[in-house]
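Me: I've got a model open and would like to go through it. Can you help me read it?

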Amino acid sequence: MKFDRQLLSNFDWSLLAFVLLICFVGILNIYSAGFSLMASGKTALYVKQLQWIAVGLIFMMVSFSIDYRIINRYAYFIYSISLFLLVLVFVYGYTAHGSQRWIVWGGFSFQPSELMKLTIILALARYFDNHKIKKEGCQLKELVAPFFIVFVPFLFILKQPDLGTALILLLIFVSIVFFVGIQWKSLLLAIAGTIIMVPLAWHFLKDYQKERILTLFDPEKDPLGAGYHILQSIIAVGSGGVLGKGFLKGTQTQLKFLPVQQTDFVFSVFAEEWGFLGGVLLIIGFLALILWGLKISLHSRDLVGTIISFGVTMLIFWEVFINIGMVLGILPVVGIPLPFLSYGGSSIIVLMLGMGLLMNISTRRFLLKP
Amino acid sequence: MAETKRQLNEYDSTQFEQRFKIAIVVILIGLYILVFRMWHLQVIRGPELAQRSENNSIRLRKINVSRGLIIDRNGIIIADNQPSFDLMFLPHRAKDSRFVFEQFKKLYINRKLAIPSNLSLPAESNPFIPVRIEKNISREKLAVVETNALDLPGVVVQVVPVRKYPGGETIAHLVGYTGEISREELKREQFRNYSEGDSIGKFGLEKYLDADLRGKDGAEQIEVNALGKEVRVLGRIEPIAGHNVVLTIDFRLQQIAAKALEGKTGSVIAMDPRDGSVLALVSAPSFDPNLFNGGISYEQWDKLSADPLHPMENRAVTGQFPPGSTYKMIVAAAALQEGLIREDTKFFCPGFINVGNRTFRCWQKHGHGMVNLHRAIVESCDVYFYNLGRLLDVDKLAYYARHFGFGIPTGIDLSREKAGIVPTKQWKLNKFGEPWQLGETMSIVIGQGFDLVTPIQLLNAYSALANGGTLYRPRIVDRIETSDGRVIKKFMPQPRWRIPISAANMEILKYGLWGAVNERGGTGYALKRKEADVCGKTGTAQVVGLPEDEKLRRARYVSGHLKDHALFVCFAPYNKPEIAVVVIAEHAGHGGAAAAPVARKIIDAYFELKNMRTPQDLVALGKKQDTTEVFR
């Protein structure tokens with residue numbers, strides 16, 4: 001019991017407050033995005049999102065209470081389960097919007113690819129902790145195993161197809177490798193290898209797959225799909241102006257010009273209604289969360305804690321950067337949710353698990369004083 | 001615990017400080033880019049974009065593309081397009097959708113027009129997505145809607161190309177038809193490029209060649225003002241016209257074949273045995289593929305699918321029949337090639353034969369007397385082939401039958417083709433759990449046993465007999481062209497294999513087939529032309545198993561449904577065969593009497609059409625083509 005009290009007294013209340021605050025903004029925003037839909041009689045999206053957040057908080061408690069060093073011991077096991085679920089999707093998965101991403105069980109659907117984002121962080125942390133990396137950074141041969149840890153789920157997710165999530169896995173991998181260090185020679189070799197592999201891989205893609213990728217970089221090619229989203233999104237954001245149109249007053253949003261506005265394009269709703277000022281405040285909010293995460297990482301008492309918290313923090317950063325970048329029309333539309341703001345159970349639960357890990361590491365450093 | 005402590009003491013996260021700094025710089029740059037872009041959009045371009053959002057907005061407009069044409073070998077159009085008119089409703093143009101719908105109904109009731117059965121208010125979810133009220137409306141309705149356009153805000157007429165099959169029933173099974181893509185189909189990966197409301201080939205060549213025929217719809221992203229008027233086009237994808245398909249079919253011959261089979265149930269196919277090109281393919285009874293153009297009504301569909309004669313079934317490739325005496329050629333080929341008999345091997349036919357404790361009868365009750373192979377083919381003597389059946393192992397026969405293409409699909413470009421059955425000892429054991437009986441071989445040698453063949457298989461096998469032993473994959477599509485006539489794909493004749501029968505033996509068989517038509521007493525004598533150039537074989541496939549009882553045999557002839565299937569398969573001319581024809585008439589009686597005259601009409605027509613192609617005729621034909629704008 002004493003242990004528990006110690007945990008409680010050292011609990012990272014500020015992080016929890018940050019998360020809850022951003023979630024609250026998210027709920028308001030989804031309320032607005034779904035406002036015009038409410039007449040249709042279905043359960044309002046914001047209520048569902050509230051439920052997801054509640055469930056997410058329970059998961060957060062779980063990932064907080066189990067000592068992360070114990071979690072680390074089971075990292076590969078957790079990774080295998082994650083991978084198994086991914087294969088399950090491949091075989092039995094539910095297809096929506098032309099992509100096979102969901103496992104449906106009972107009334108719930110779940111996206112194992114979301115979970116994978118977190119579990120590769122755990123697996124990579126375990127690996128780099130086991131293989132003490134020299135000061136000069138790791139060599140190419142030490143990167144083979146971590147490369148496959150990421151590459152196998154990467155291929156499965158790419159096949160679904162879910163380019164966005166696959167990309168996030170790569171970014172997490174690259175971030176962590178840079179963080180633990182890589183020798184210059186190895187880095188150059190890796191880059192050279194990638195440059196050779198890309199055209200080769202391109203060669204093996206089917207025509208429609210190539211087309212899909214090209215559309216990402218040139219939305220004009222598809223004015224019915226991606227191009228339409230981007231244009232409508234830019235108009236929505238831009239029309240918000242400096243101060244925004246006000247809560248529930250976004251005309252782009254309320255008139256439903258924007259498809260998928262409650263998921264991937266949720267930021268356009270926010271920017272339209274709250275303007276430049278609101279947008280900057282939200283980004284500052286995310287920045288604060290990210291810096292807090294890096295602080296936890298810096299102060300962690302062991303390498304595992306450092307890598308896990310660094311990985312989770314970078315996951316948040318990349319998702320924020322790519323999602324908002326795509327809403328603003330400067331990055332290709334790849335389908336990545338905006339953390340805590342996009343509607344969706346899988347994303348919320350996985351993020352909450354991640355936040356739980358951060359709190360876990362943050363709190364336990366006081367208990368591990370040497 | 002001590003271990004952990006040591007580790008903890010050793011660990012110093014400040015070694016990463018440098019990298020934390022780099023990470024923070026990357027993060028700050030990233031987020032700064034976002035803020036900068038937001039500033040650009042919201043502050044600099046803010047007023048302009050706000051304006052655009054106010055009188056927004058941007059709409060998507062589909063540019064429909066016409067399906068490619070299907071054309072016969074002489075340029076006659078088999079599948080064409082014509083405009084049809086769909087009534088659409090744009091919810092955002094009407095202040096009150098309910099009111100407009102009431103107006104619309106009133107108008108229809110006043111004019112005594114049928115109100116579309118599935119007329120319902122569109123969902124409120126997206127006012128910018130047009131809703132289809134009625135498909136393919138009549139000219140009368142079109143006029144009514146157009147003249148009352150002012151009272152019906154939001155109701156617009158959309159011109160959509162739909163299929164027109166000038167040949168109608170004549171060629172229905174071959175071209176097939178198109179229809180709107182179903183929800184189930186939309187879910188499949190192969191149709192990922194299709195969207196709701198798209199037309200798709202549902203049957204026949206329309207289905208088989210859908211990817212080529214379809215083309216790609218274009219689209220325009222247009223900006224409209226508050227009144228819904230188009231302000232400018234922001235983006236455009238050009239539609240890609242569907243490709244034209246040129247068939248090996250000769251539509252004139254197809255028409256003659258359909259006419260010749262009129263009133264009968266069955267199938268006629270004509271083929272060029274030199275390369276497997278199908279010249280005509282008819283299945284009867286047929287249906288009108290034009291029924292499906294504007295969406296078939298439930299009553300019509302029910303009527304078609306409940307018809308006991310199954311008009312929607314393409315008997316040419318899915319009908320499986322006992323081959324009857326036409327199978328004797330395969331038996332003869334096997335026996336010759338295996339060296340069991342020679343050309344001059346004779347058997348005595350007293351009108352029956354006893355095998356084991358059973359008696360097998362010849363169709364000629366009084367017997368044929370002493371017959372050699374040639375006469376046995378000419379007169380289709382059952383007893384001669386019973387004797388071969390005693391010599392031939394059933395598996396050996398199956399080996400040759402398979403090489404003639406039986407028991408496996410021919411690979412023709414039409415879906416749901418059946419494989420037929422070539423029984424072997426193993427087959428019987430698997431199927432019935434019983435060993436093979438010699439009596440069953442007796443049934444097989446005269447084509448009345450377990451064997452089942454499709455008309456196209458039978459024709460293909462005889463085509464191989466005609467061309468000296470090459471089995472082709474039947475070819476219907478000759479080439480695929482762009483709408484301006486550039487050839488994209490050319491389909492070459494596809495020889496599948498050579499049948500392992502020597503040239504000398506082939507010649508013996510071919511001569512036998514010549515005799516069956518041109519010699520006195522031949523079963524196909526009805527087809528004898530003055531040129532004496534046709535070779536052919538009759539067949540009569542018994543519907544009821546071999547009857548022991550004469551009374552039953554007579555009863556069958558009376559009550560249509562139990563009557564035998566009449567078969568005839570032939571090719572011409574004898575020296576250099578260039579056309580082969582198969583005729584199967586269900587429940588029509590004897591092959592020579594019921595099927596041969598049909599084949600005769602097609603053979604006659606073929607040579608007539610061929611002789612017509614003098615230079616002058618071609619000029620005349622060319623003129624006709626110009627007026628129909630065949631090669632657009």
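Me: How much of chain A counts as buried?
Reply: Of its 370 residues, 55% are buried, meaning under 20% relative accessible area, with exposed over 50% and partly exposed in between (1.4 Å probe, protein chains only).

Me: What should I know about the model and its numbering?
Reply: This is a predicted model, where local features need pLDDT of at least 70 and side-chain atom pairs count only at pLDDT 80 or more, while totals for chains, interfaces and linings use all residues. Residues are numbered from 1 along each chain as its sequence is written, chains are lettered from A and ligands numbered from 1 in the order in which they are written, and side-chain values use heavy atoms, leaving out hydrogens and water.

Me: How many helices and strands does chain A have?
Reply: Chain A has 15 helices and 3 strands. These are DSSP runs numbered from the N terminus: helices are H or I with at least four residues, strands are E with at least two.

Me: Now chain B. Why is strand β3 described as largely enclosed?
Reply: Strand β3 (residues 77-89) of chain B has 10 of its 13 residues buried, so the rest of the structure largely encloses it.

Me: Which way does β3(B) run relative to β5(B)?
Reply: They run antiparallel, with 10 bridges joining β3(B) to β5(B), residues 155-164. Two strands pair if DSSP finds at least two bridges between them. L87(B) stands opposite V157(B) in β5(B).

Me: And β4(B), how many bridges there?
Reply: 3 bridges join β3(B) to β4(B) (residues 131-134), again antiparallel. F89(B) has V131(B) in β4(B) as its bridge partner.

Me: What about β2(B)?
Reply: Strand β2(B), residues 70-71, pairs with β3(B) in the antiparallel sense over 2 bridges. I71(B) is opposite I77(B). The two strands form a hairpin with 5 residues between them, and G75(B) in the turn has a positive phi of about 95°.

Me: Different topic. Where is T482(B)?
Reply: T482(B) lies in the loop between β18 (477-481) and β19 (487-490) of chain B.

Me: Buried or exposed?
Reply: T482(B) counts as buried, because its relative accessibility is 9%.

Me: What does the T482(B) side chain make a polar contact with?
Reply: The side chain of D484(B), at 2.4 Å. A polar contact is a pair of N or O atoms within 3.5 Å; within protein, one must be able to donate a hydrogen and the other to accept it, and residues adjacent in sequence count only if both atoms are side-chain atoms.
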